[in-house]
Amino acid sequence: MGHREILKRASLAHVCGDTLVAAVAGLALYASFPPLGWWWLSVPALTLYISRIDEARSLHALTVTFIFGMSMWLPLIDWVFLAVGSRPAWFVLAFVQTLFLLLWVVFVRWTQLWPWARGPLVQALVYAVSWAGVDAVRLRWPWSGFPWGSVALPQVDSPLGHLAPYGGTSVITTVVVFCAVLLRRMFARRDASSHAERWFSRPFLAVVLAVCYVAPAAIPLSNRAEEGLLRVGIVQGDIALPGAQAYKRRGEVTGNNMRATLQLAKDPATTGNPIDLAIWGEGSVDRDPAAFPDVAKSIETASRAVDAPILMGYTNINERNRVKNWLALWEVGTGMDEALRYSKHVPVPFGEFIPFRGYISSFATEVAQSSRDMEAGEEPPRMDVVARDGRTVPLAVGICFEAGYPTVIAAGVGLGGQAIVTPSNNYHFRSSGESAQQGQLLRMRAMEYSRSAIQASTTGHSYVIRPDGSVLASTATQQVATVVADIPLRSSLTVTARAGEHIPIALMALTVLLVAVSLAGLARGRVSAFPNSACE
């Protein structure tokens, strides 16, 4: 066997080994999210992945990144198949999310052409800023973006979660990737960015890593009630599967929530200390109560039983033949004021509306062939509730997946919302990890804006979350359940709330600037020869 054949086989073995490591890293990153929730794996998983790309040439790095991305995304969003009944849709969504990783890895390979970008701290900063910048684009584009899968989200349980009020997921993502690169450089066999590595280099990196990862734990997260308490009752009425059939039977879903509310009214937790507000899930009312008196009667019966208003969800068809997904407040004795409703601002692409409908519906799934798109709302994401003691309590509201969009929740908090409420309907996803992942997203929103947060689901999970992101109470899936809780109300604004979109926009701009600098260097030939790796 000639030396060329030996080198070819060794190269193939190297590629196979790296792809196997990338798959392990992707699965480890998946495991940091619910339903497993092993948050402590997120940084090591990224470290393992980065160790395979900074030793690789471009094509090799792209291959490794593809395996890493698909190994993470496919198990993370396995519930897509349950929702749409199509495996191709599941694979396509995972692939589209992986494309953003492929874009990132191409960029960071360019930056390593610059000698100044090969040192451990600068490399960590460039990798971190660019990852956060690309991820900020992914979370917002195309259409409304896809808020799942940010490496910031598992940090709701780590010390880095304490950074949430000071920059949100953008800042946390930056620090997570920064730590992962430093950890990689600490354990590299040699440092190719320096001709003579100093004895203190790796201990110094260890100190920087420890400070970056552990120091945020010292940042206090307050649960103090600045505006008093609001006593809420969450009603999870459940839906018989298949859910689409249950919704065809008029009054069934509404009746489930009514009966659960009647049980809540008999609960010792409410008989001695009545609630201020009952919260039902998204789609908890199966017909427009303004058009169906029997449905309205069921809601009124439930409202009278707890002697409190009910925040409920329903859909109807508007004059433009579009679906509207509403939140409305039902007051005891007076019913619903249609002028004070909120409708969903961010419909889910391919689930609640079909982009390029004329083309896609010709070959896509039953969901894509549905007759109507959902129309985005324009109402302010704030609803006011009058508590039992006469106080008017403003709530920042969203519906279902809107828990994942900081822009919706931030708008409600900016309008004075003292707590966050996001009713949800998770029957499509059954007992998959989707509902728990959505709860994790809402925990991050609670921490970012220092607000109590409530996810009231028709089928579970439902959550009551404190302003510091800890879970006060939760329910299981696919069962009838109720929760009573006193939630602290807060009015102060965090740095994240005040900054709004400025932080992610700044990271996107920095990423574009770094790309421009790298491309300019390539075009002008002012960079040194491209090394095989920055570190080995």
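I began with charge, and found 45 positive and 40 negative side chains in the protein, with the centres of the two sets 9 Å apart; Lys and Arg count as positive and Asp and Glu as negative, while His and the chain ends are not counted, and each charge is placed at NZ of Lys, CZ of Arg, CG of Asp or CD of Glu.

I note that this is a predicted model, in which local features need pLDDT of at least 70 and side-chain atom pairs count only at pLDDT 80 or more, whereas totals for chains, interfaces and linings use all residues. Residues are numbered from 1 along each chain as its sequence is written, and side-chain values use heavy atoms, with hydrogens and water left out.

I then looked up the overall form, and the protein has 17 helices and 13 strands (DSSP runs numbered from the N terminus, helices being H or I of at least four residues and strands E of at least two). The radius of gyration is 25 Å, close to the 24 Å that the globule rule gives for 536 residues, so the protein is as compact as a globular protein of that length (the radius is taken over C-alpha atoms, and the rule is 2.2 Å times the number of residues to the power 0.38). Buried residues make up 56% of the 536, where buried means under 20% relative accessible area, exposed over 50% and partly exposed in between, with a 1.4 Å probe and protein chains only.

Next I turned to helix α2 (residues 42-53), where 10 of the 12 residues are buried, so the helix is largely enclosed by the rest of the structure; among the buried ones are Leu-46, Tyr-49 and Arg-52.

Helix α12 (residues 293-306) reaches 20 Å from its first C-alpha to its last, close to the 20 Å expected, that is, 1.5 Å times one less than its number of residues. Its buried residues include Val-295, Ile-299, Glu-300 and Val-306, and what covers the buried residues of α12 includes α10 (252-266), β3 (310-317) and β4 (323-331). Just after α12, I found Asp-307 with a positive phi of about 50°.

Last, I looked at Gln-478, which sits in the loop between β12 (471-474) and β13 (481-488) and is partly exposed, with a relative accessible area of 34%. Leaving aside neighbours within four places in sequence, Gln-478 is in contact (heavy atoms within 4.5 Å) with Asp-238, Leu-241, Arg-430, Ser-431 and Thr-459.
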